[in-house]
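Hello,

Here is the structure I promised to pass on to you. Have a look at it first, and then read on for my notes on what turned up.

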Amino acid sequence: MLVRQIPVGPMANFVYVLVDEESRESMVIDSGWEKDPVLNAVHELRADVKYAVATHEHFDHTATLRELAGALGAKLVAHQASPIASDLRVGDNDELSLGRKKVKVLHTPGHTEDSVCLFDGKNVFTGDALFVGTIGRFVRADAEAMYRSLYEVLMRLPEGTLVYPGHDYGEVKFRTLGEEKAANPFLKAGDARAFTSLFS
Ligand SMILES: [Fe+2]
């Protein structure tokens, strides 16, 4: 799979275009504030976008998603718990096909109830669940759910998986899960209690 990481907007959001090189079938992950840089990348990559996926409901990730999906003739995809009006509602472990490849939806609540990560076997797109060096703390976040999503879902992926976050908040723009586990204090906390004390 080919990954294009696109910085957008005033909150250092990252939007992604994920392309199956063989078929050119693609998905856009989030859309943030601006759709034009995404449309330009889609054009440049000759991407045939089937899905426009929301990692979670927040405005900075979804402001132009409906417009973008319409412009690309793509289905707007969101988790079944999401307040976003979607064309396709997905749940944990559902798969989206790009050509002969599959992208798995991982339900990772905590930052919000409708947070999902997308895993293609090599790359994971984490929205606001996990950033380089930190996590998506948020005033209405659920720390216990976040702990389970990180420790029981994301941290069980292969160590070499590349973590692509929803914001450019780290010292690098992406890195492996193994590097993240070694450096991110939230992933080093160990148990739920230590994690929750860091969270508050
Ligand atoms: Fe968010």
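**Aromatic rings**

Let me start with a cluster of rings: Phe14, Tyr16, Phe125, Tyr164 and Phe174 are joined to one another through ring pairs. Please keep in mind throughout that this is a predicted model.

In total, the count of aromatic pairs comes to twelve. One of them is formed by tyrosine 147 and tyrosine 151, and this pair is stacked, with 4.3 Å from centre to centre and 20° between the planes. Both tyrosines belong to helix 4 (residues 143–153), and because they are four residues apart there, about one helical turn separates them. Are these two tyrosines buried or exposed? Tyrosine 147 and tyrosine 151 are both buried.

Tyrosine 151 has another ring partner, phenylalanine 195, and here the geometry is edge-to-face: the centres are 6.1 Å apart and the planes make an angle of 80°. Since tyrosine 151 sits in helix 4 and phenylalanine 195 in helix 7 (residues 192–199), this pair ties together parts that lie 44 residues apart in sequence. Tyrosine 151 counts as buried because its relative accessibility is 14%, which is under the 20% cut-off. Phenylalanine 195 is buried too, with a relative accessible area of 0%.

**The iron site**

Which residues coordinate the iron ion? The donors are His56 through NE2, His58 through ND1, His111 through NE2 and Asp128 through OD, at 2.2 to 2.3 Å. Along the sequence, these donor residues follow the spacing H-x1-H-x52-H-x16-D.

Why is the arrangement around the iron ion called irregular? The four donor atoms subtend angles of 90 to 175°.

Six strands make up an open sheet with mixed pairing, and their order is 7-8-9-10-13-14. Strand 7 (95–98) and strand 14 (175–176) are the edge strands, each pairing on one side only.

Strand 7 runs antiparallel to strand 8 (residues 101–107), and four bridges join the two. If you want to trace the pairing by eye, glutamate 95 stands opposite lysine 104 of strand 8, and serine 97 is opposite lysine 102 of strand 8. The hairpin of strand 7 and strand 8 has two residues between the strands, and glycine 99 in this hairpin takes a positive phi near 60°.

Strand 8 also pairs with strand 9, again in the antiparallel sense and over four bridges. Here histidine 107 has valine 116 of strand 9 as its bridge partner.

**Two arginines with positive phi**

Two arginines are worth a look in your viewer. Arginine 24 is not a glycine, yet has a positive phi of about 70°. You will find arginine 24 in the loop between strand 2 (13–19) and strand 3 (25–29), and its relative accessible area of 18% makes it buried.

Arginine 46 has a positive phi as well, near 50°. This residue is found in the loop between helix 1 (36–44) and strand 4 (48–53). Arginine 46 is exposed, with a relative accessible area of 59%.

**The chain as a whole**

The protein chain has seven helices and 14 strands. Its radius of gyration is 16 Å, close to the 16 Å that the globule rule gives for 200 residues, so the chain is as compact as a globular protein of that length. Along the principal axes, the C-alpha trace spans about 45 × 30 × 30 Å.

Of the 200 residues, 52% count as buried. Among contacts between residues at least 6 apart in sequence, 57% join residues at least 24 apart.

Conventions: Residues are numbered from 1 along each chain as its sequence is written. This is a predicted model: local features need pLDDT of at least 70, side-chain atom pairs count only at pLDDT 80 or more; totals for chains, interfaces and linings use all residues. Side-chain values use heavy atoms; hydrogens and water are left out. Two strands pair if DSSP finds at least two bridges between them. Rings of Phe, Tyr and Trp (its six-membered ring) pair if their centres lie within 6.5 Å; planes under 30 degrees apart count as stacked, over 60 as edge-to-face and the rest as tilted. Buried means under 20% relative accessible area, exposed over 50%, partly exposed in between (1.4 Å probe, protein chains only). Donors are N, O and S atoms within 2.8 Å of the metal (3.2 Å for Na, K and Ca); water is not among the atoms, so sites may look incomplete. Four donors count as tetrahedral if all angles lie between 85 and 135 degrees; four count as square planar and six as octahedral if opposite donors are over 155 degrees apart and all others between 65 and 115; anything else is irregular. The radius of gyration is taken over C-alpha atoms; the globule rule is 2.2 Å times the number of residues to the power 0.38. Contact means heavy atoms within 4.5 Å.
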